[in-house]
Amino acid sequence: MTLTDIIPSLRSSLPARLDTGVWPRTAHWGDAGDLRAGGVSLAAVAAEHGTPTFVLDEEDVRERCRTYAGAFGAGDVAYTGKALLTVDVARWIAAEGLGLYAGSAGEVRVAERAGFDMGRVVLYGSAKSPEDLDVAYRAGVGTVVVESMGEITRLAATAPAGQRVLLRIVDGPDRRFGLRVAGGEAAAAVARIAGQPGLRLAGYDCSIGHQLSRFSQYEREISRLCEFASVMYRAHGVAPERLNLGGGHAVAYRPEEFDLALAGFATRMRSVLHLEAGRHGLPAPRLTVSPGRAVVARAGVTVYRVLAVTRTQAGDRLVAVDGGMTDCPATALCGSRHSAVLIGRTGRAAAGPAVVVGRHNDADDVVVPDAELPADVHPGDLLAVAGTGAYHHARATNFHLVRRPALLAVAGGRARVLVRRESLDDLLARDAG
Ligand SMILES: Cc1ncc(COP(=O)(O)O)c(C=O)c1O
């Protein structure tokens, strides 16, 4: 039972509780309903930079990097940039000692501009374009993940001599790319790589899903990979130097949800690896991970301004904000349920259910399907939505020719633009008409 259950009138005068597992590490309530992160007022950010704006708590990202480095060893963690990559984010990742999984020429170029040690960059992708490969080779990426049979011949013909490769192994009918163990495809791929003097098989890689919180799925994967690797060891004499377990680590978007328990996970995975490698007579490879979402999701907050409040015929209260599915695609695509709070003012109105929707005239345009917001929320108010650091800025679109928001870093009492807001001229600049 909480204080507001005992004294219901308090509900109207207390700001919503900020759950530390959901909101950025440095987030806390300021005066007059202001929400602060990185020592910066988010209401002031909205006033100065406009809305919607993505705000990223630099300390939160760095702290997540350090937690991963502490659990696995920094050399055995690579951040998967598709969750969110800008030049500064890449610099933070590098400064904390992590490597980078890059999935395109664009991500490689960002890493280069950030001054990333390119030997710590892994190029992956189920269908790499000639440009992806060309840019990666020129940049000198350390490792390339092989994800289909045809790619081996292509890499052998184009990669610099001695290119290190990882082979992505898949299991299960719903996985689209990678090499299957069943049916002998993965074994044939190892044989083919072993026959290419220009390629060096450094190990195996996998990606088994997203938002996973149970250790058992990863344990099964380690067991499968060790079994396969040991057969290849005996057949070709190639012992994997590393085994990448991918990412997919769960993050909490709501107070009632849980993160993957990282410290216990690392210890458990290492012991399962040693056990399974020993059982199969395989020299134990290094265990690596490549989390994306779990590094940056919690650090992100999106600040919106309310544009309209209305009710549906069924009586549901709709609070429409100045962004939506173009900057918060995860709600429609993955059913993510973010937390939202009113910021920038206090009020006496009791909280009640509200659907936070976007401005895009589309039935799927929902930001938060089940928010709890004060009854007097009105146009002009500011809302902050938590957990938007991963796959939001990265997946933002121009649907409806809406401009993509700015991305700001907050740290040490200062807000800094990482990526500026698009202008109407930006939108028209690519239109050849
Ligand atoms: C090898 C690998 N690691 C990590 C990820 C990122 O997953 P998440 O953001 O859920 O950690 C992917 C994405 O598909 C991946 O292919």
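Start by selecting helix α7, residues 130-139. Helices here are DSSP runs of H or I with at least four residues, strands are runs of E with at least two, and both are numbered from the N terminus. The buried residues of α7 themselves are D132, L133, V135, A136, Y137 and A139. Buried means under 20% relative accessible area, exposed means over 50%, and partly exposed is in between, with a 1.4 Å probe and protein chains only. Now step just past the end of α7 to G140, which has a positive phi of about 80°.

A word on what you're looking at: this is a predicted model, where local features need pLDDT of at least 70, side-chain atom pairs count only at pLDDT 80 or more, and totals for chains, interfaces and linings use all residues. Residues are numbered from 1 along each chain as its sequence is written, and side-chain values use heavy atoms, leaving out hydrogens and water.

Next, select α4 (residues 58-72) together with α5 (residues 87-95). Their axes are 9 Å apart and the helices pack at an angle of about 40°. That makes α4 oblique to α5; angles under 35 degrees count as roughly parallel, over 145 as roughly antiparallel, 65 to 115 as roughly perpendicular, and the rest as oblique. Which residues of the two helices make the contact? Show E58, V61, R62 and C65 on α4, then W92, I93 and A95 on α5. Contact means heavy atoms within 4.5 Å.

Stay on α5 and pick A90, which lies in this helix. Is A90 buried or exposed? A90 is buried, with a relative accessible area of 0%. Leaving aside neighbours within four places in sequence, A90 is in contact with L85, A114 and F116.

Finally, zoom out to the whole chain. How many helices and strands does the chain have? The chain has 14 helices and 21 strands. Its C-alpha atoms fill a box of roughly 70 × 60 × 45 Å, taken along the principal axes. Of the 433 residues, 53% count as buried. Among contacts between residues at least 6 apart in sequence, 68% join residues at least 24 apart.

Notes
Axes are lines fitted to C-alpha atoms, for helices over the stretch in contact, and angles run from 0 to 180 degrees between N-to-C directions.
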